[in-house]
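Here is a briefing on one protein chain.

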Amino acid sequence: LATYDVGLTTASANAITDIELIDFYYSLDKNYRDDAVWVVSDEFEKALRKLKDTTGNYLWQPALTAGAQATLLGKPIYVSGYMDGLASGKVPAIFGNLRYYNIADRGSMSLQRLNELYAGNGQVGFRARARVDGVLTINDAIKCLKCA
């Protein structure tokens, strides 16, 4: 996360305001906003769900139909266990167009058949191992939100 441009640093180490959220949204260039998504921590989503606009409507909108994606400011929001919580110097959220994040194989995949391990149950197990790597190809396509 340290390689992404910081779109906004919050005033508080453990909270975000509705104004900061909107400023963070617009920190991403308009060219990348159309297909942008939010990736946030569980703790950050909890804080977001409490935010309201000036008319009293919640900014975070649950999906209207089963299986549909929840949205924040009209963009899909995904919760990741790999994102930081709300704490000083941490990055609890990113916003951007993930189409510019490429994931590629870093070698060949290995496959191992495990006959003995499951033989007592009349089963055969398999273990696969693959190395992958990822890189953001256009640095402006993703912004991170950093806590004060």
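**Briefing**

Zero disulfides turn up in a search of the whole structure; a disulfide here is a pair of cysteine sulfur atoms within 2.5 Å. The model is predicted: local features need pLDDT of at least 70, side-chain atom pairs count only at pLDDT 80 or more, and totals for chains, interfaces and linings use all residues. Residues are numbered from 1 along each chain as its sequence is written, and side-chain values use heavy atoms, with hydrogens and water left out.

**Cysteines**
- The closest cysteine sulfur to that of C144 belongs to C147 and is 10 Å away, too far for a bond.
- C147 is likewise in no disulfide.
- C144 is buried at 2% relative accessibility; buried means under 20% relative accessible area, exposed over 50%, and partly exposed in between, with a 1.4 Å probe and protein chains only.
- C147 is buried too, with a relative accessible area of 2%.

**Sheet**
- Seven strands form an open sheet with mixed pairing, in the order β1-β11-β6-β2-β5-β4-β3.
- Strands are DSSP runs of E with at least two residues, helices are runs of H or I with at least four, and both are numbered from the N terminus.
- Two strands pair if DSSP finds at least two bridges between them.
- β1 (5-9) and β3 (60-61) are the edge strands; each has a single partner, so one side of each lacks a neighbour in the sheet.
- α1 packs on the sheet and touches β1, β2, β4 (71-72), β5, β6 and β11 (142-146); contact means heavy atoms within 4.5 Å.
- The direction of α1 makes about 160° with that of β1; axes are lines fitted to C-alpha atoms, for helices over the stretch in contact, and angles run from 0 to 180 degrees between N-to-C directions.
- β2 pairs with β5 (residues 75-79) in the parallel sense over three bridges.
- V39 has Y78 of β5 as its bridge partner.

**Nonpolar cores**
- The largest nonpolar core has 25 residues; L21, W38, F44, L48, L72 and I77 touch the most other members.
- α1 (18-27), β2 (37-40), α3 (42-48) and β6 (93-96) each give two or more residues to this core.
- A nonpolar core is a set of buried Ala, Val, Leu, Ile, Met, Phe, Trp, Tyr and Cys residues joined through side-chain atoms within 4.5 Å.
- Another core lies apart from it, with nine residues, including Y4, M83, V91 and I142.
- Leaving aside neighbours within four places in sequence, L72 contacts L21, W38, L48, L59, W60 and I77.

**Loop residue Q123**
- Q123 sits in the loop between β8 (110-114) and β9 (125-129).
- Q123 is partly exposed, at 45% relative accessibility.
- Not counting residues up to four places away in sequence, Q123 touches N115 and Y118.
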